[in-house]
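Me: I've just opened this one and would like to go through it slowly. Where do we begin?

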Amino acid sequence: MATGATEFVDKTIADGVFSPDKWAKEVLRATESNLVFAKNVNRAFEDAAEVGRTVKVASIGNLAARAKSENTAITYETIAETATTITLNVWDYAAVGIEDIVKVQSQVNTQSEYQQKIGYALAKDIDTNLAALVAGFSQTQGTLGTLFTDDHVRRGVQYLDDADAPEDGRVIIMSPAEKNDKLALDRWSNSLYRGGRGGEQVSRGQIGSEIYGLTPFVTTNTKAQAGGQADNTVMHKEAVALVVQREPRMHIFYDIDFFTWKVASEVIFGSAEMRDTFGVYLKGAR
């Protein structure tokens with residue numbers, strides 16, 4: 001019969017002295033976006049960026065064929081060539097400080113974990129910079145905040161055809177909401193799953209093989225002009241150039257004044273639209 005007083009070693013007592021909190025050795029890492037823009041742009045100009053603040057790329061125009069008249073001198077054509085400048089003006093970093101006592105007492109390798117996240121932060125920074133260039137394409141299809149249609153995609157493909165963009169290197173980059181919508185279309189769902197089952201290995205962020213000659217990619221890292229909107233794109237890789245002058249490199253320093261390990265990484269890069277007719281701003285939803 002209960003007396004009203006504590007008679008047992010109950011859970012409240014045990015929780016305070018006998019039942020410790022146990023920390024798992026594995027950690028719950030923050031989710032990461034599929035970063036697809038950087039691998040679908042032109043990086044051919046990086047060799048010219050060993051030093052300097054800009055990379056200038058000269059144009060070479062087409063010549064006209066002319067009829068030759070007898071006993072008449074030929075005409076030499078003069079073309080006013082131009083240069084496109086890629087300005088190397090982005091110098092970004094990611095950093096974290098870890099006190100020595102944390103490294104000594106933690107069962108998680110915190111420095112290793114955060115070094116991986118530093119690398120991801122800089123990779124996403126580059127990808128986000130490139131995603132922002134999509135809205136600069138003068139050729140547009142669709143409406144912001146509304147899912148784009150199959151007709152919009154095919155018209156985008158025609159823009160690339162009209163511009164004589166090479167068949168190889170064409171992509172469509174879209175938000176997850178757009179992918180979900182297109183899976184309801186048989187012509188898309190059949191294509192999206194080709195190569196993923198029993199075929200070639202698909203890369204991260206890629207959703208199957210070609211549709212209308214475009215390799216489809218999905219990412220949460222499309223730029224949003226406003227809530228519910230997404231800057232998708234149909235493009236050829238030569239539409240945009242990326243020049244990474246300094247690849248991310250890890251700097252590790254022990255600050256004796258704070259007994260702290262300081263870990264940081266930096267990147268120097270620039271990007272620019274190179275061929276406007278090779279890109280289509282495919283307005284849509286997210």
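Reply: We begin with a term, since accessible areas come from the Shrake-Rupley method with a 1.4 Å probe, and for residues only the protein chains shown count as cover. On that basis the accessible surface of the protein comes to about 17600 Å², and 52% of it belongs to carbon and sulfur atoms. This is a predicted model, in which local features need pLDDT of at least 70 and side-chain atom pairs count only at pLDDT 80 or more, while totals for chains, interfaces and linings use all residues. Residues are numbered from 1 along each chain as its sequence is written, and side-chain values use heavy atoms, with hydrogens and water left out.

Me: OK, and how many helices and strands are there in the protein?

Reply: There are 6 helices and 10 strands; both are DSSP runs numbered from the N terminus, where a helix is H or I with at least four residues and a strand is E with at least two.

Me: What share of the residues is buried?

Reply: Of the 286 residues in the protein, 35% are buried, a word that stands for under 20% relative accessible area, whereas exposed stands for over 50% and partly exposed for what lies in between (1.4 Å probe, protein chains only).

Me: Let's pick a helix then. How far does α3 reach?

Reply: Helix α3, which runs over residues 110-131, has 22 residues and reaches 31 Å from its first C-alpha to its last. That is close to the 32 Å expected at 1.5 Å a residue, where the expected span is 1.5 Å times one less than the number of residues.

Me: Which of the residues in α3 are buried, and what covers them?

Reply: The buried residues of α3 are T110, Q111, E113, I118, Y120, L122, I126, D127, L130 and A131. What covers them includes strands β3 (90-99), β8 (240-255) and β9 (260-273), together with helix α2 (100-105).

Me: Take I118, then. What is it in contact with?

Reply: I118 sits in helix α3 and is buried, with a relative accessible area of 5%. Leaving aside its neighbours within four places in sequence, I118 is in contact with A94, A95, V96, M250, V263, A264 and S265.

Me: Is Y93 buried or exposed?

Reply: Y93, which belongs to strand β3, counts as exposed because its relative accessibility is 64%. Not counting residues up to four places away in sequence, Y93 touches L122, S265 and E266. Y93 and S265 are 172 residues apart along the chain, yet their C-alpha atoms are separated by 5.5 Å.

Me: New topic: where is V171 found, and what does it touch?

Reply: V171 is found in strand β5, residues 170-174, and is buried, with 4% relative accessible area. Its contacts, leaving aside neighbours within four places in sequence, are N40, L214, T215, F217, T233, V234 and M235. The C-alpha atom of V171 is also 8.0 Å from that of G213, which lies 42 residues away along the chain.

Me: Is F259 buried or exposed?

Reply: F259 is exposed, with a relative accessible area of 51%.

Methods. Contact = heavy atoms within 4.5 Å.
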